[in-house]
There are 2 protein chains.
Amino acid sequence: MITRLNHVAIAVPDLAEAAACYEALGAKVSEPQNLPEHGVTVVFITLDNTKIELLHPLGDGSPITGFLDKNPSGGIHHLCFEVEDIADALARLGECGIRVLGDGKPKTGAHGKPVLFAHPKDFQGALIEFEQE
Amino acid sequence: MITRLNHVAIAVPDLAEAAACYEALGAKVSEPQNLPEHGVTVVFITLDNTKIELLHPLGDGSPITGFLDKNPSGGIHHLCFEVEDIADALARLGECGIRVLGDGKPKTGAHGKPVLFAHPKDFQGALIEFEQE
């Protein structure tokens, strides 16, 4: 069911500094993109096999503000696995006793596709997003 | 210089439970492998484009014991980027003012290849391994 790692999201306190750092290491770095409906500004680092998303809070109530309060230097925020069928993912997570964040239903994610997040306490402490491709 | 994401390492308190969880989600899961010289037991999750390494401490002085003490549920421990030339990676990190852990020289990593780790404080709070392919 899990097919590919879509991206690794890293919350960063300074987007320009983080982007410059990856650029100096020879990675392909996008311009910052504001996603106001998701409360983040994102810089995409395109690698040969997957991508890194550098996230910075945008506006009030950003979902990563609390993470940066706890981790002022930044840190790895979540992984996103691609799945063929989000309903199947939801069912399998339930069978494994893994809770889903929010109201338990898939939402439209930052890439415009159906997503859900598993509860880190039920998933080895890692925040994992599942995205239907 | 950075080419691919080689793996994401997740430190887990219970390797069998974590492996069963990924298996139930339809991922390809290896048998546990002891790497005594690196102080870890590893289960590999093979995805279509990269891999996840589930790490559990092995023996005294494991490099991930402290991490699990601080994060008892587990958590995302590090990312590993592939590079063409580890000496070039070391030079570029130095030019960016990014410190390298240990004595500052590449070591032989868990896959038998030259590696180095950048200091998380200098790299957006994320522990990043560079591995020469």
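**Close-up views of a two-chain model**

**View 1. The second largest pocket and the residues around its centre.** In this predicted model, the second largest pocket holds about 540 Å³ of space. The pocket is lined by 28 residues, and those closest to its centre are B:His38, B:Pro63, B:Val115, B:Phe117 and B:Glu129. Rolling a probe the size of a water molecule over the atoms is a way to show where empty space is left.

**View 2. The strands of chain B that line the second largest pocket.** At least two lining residues come from each of strand 4 (40-46), strand 5 (51-57), strand 6 (75-83), strand 7 (107-108), strand 8 (114-118) and strand 9 (128-132) of chain B. Which strand of chain B gives the most to the lining of this pocket? That strand is strand 8 of chain B, which gives three residues. Sorted by class, the lining of the second largest pocket has 13 nonpolar residues, together with eight polar and seven charged ones.

**View 3. The contact between chain A and chain B.** Chain A brings 39 residues to the contact, and chain B brings 39 residues as well. The size of an interface is often given as the accessible area lost when the parts come together. Between chain A and chain B the buried area is about 3,300 Å², and carbon and sulfur atoms give 69% of it. Counting pairs in which both residues are at pLDDT 80 or more, 15 residue pairs are in polar contact between chain A and chain B, whereas the count of salt bridges between these two chains is zero.

**View 4. The side of chain A that touches chain B.** Two or more residues on this side are given by each of strand 1 (2-11), helix 1 (15-24), strand 6 (75-83), helix 3 (86-95) and strand 9 (128-132) of chain A. Strand 1 of chain A gives the most, with seven residues. By class, the side of chain A that touches chain B has 25 nonpolar residues, ten polar residues and four charged residues.

**View 5. A salt bridge within helix 3 of chain A.** Over all chains the structure holds ten salt bridges, and A:Arg92 forms a salt bridge with A:Asp88, in which the closest N and O atoms are 3.3 Å apart. Because A:Arg92 and A:Asp88 are four residues apart in helix 3 of chain A, they are separated by about one helical turn.

How values were computed: Residues numbered from 1 in each chain as written. Chains lettered and ligands numbered in written order. Predicted model: local features only at pLDDT ≥ 70, side-chain atom pairs only at ≥ 80, totals over all residues. Heavy atoms only, no water. Contact = heavy atoms within 4.5 Å. Buried area = accessible area lost by both parts, 1.4 Å probe. Salt bridge = Lys/Arg side-chain N within 4 Å of Asp/Glu carboxyl O. Polar contact = N/O pair within 3.5 Å; in protein donor to acceptor, adjacent residues only side chain to side chain. Nonpolar A, V, L, I, M, F, W, Y, C, P; charged D, E, K, R; others polar. 1 Å grid on protein atoms, 1.4 Å probe; cavity = no way out; pocket = protein on both sides within 12 Å on 5 of 7 lines; lining within 4 Å. Points joined across faces, edges and corners; volume = space filled by probe spheres on them.
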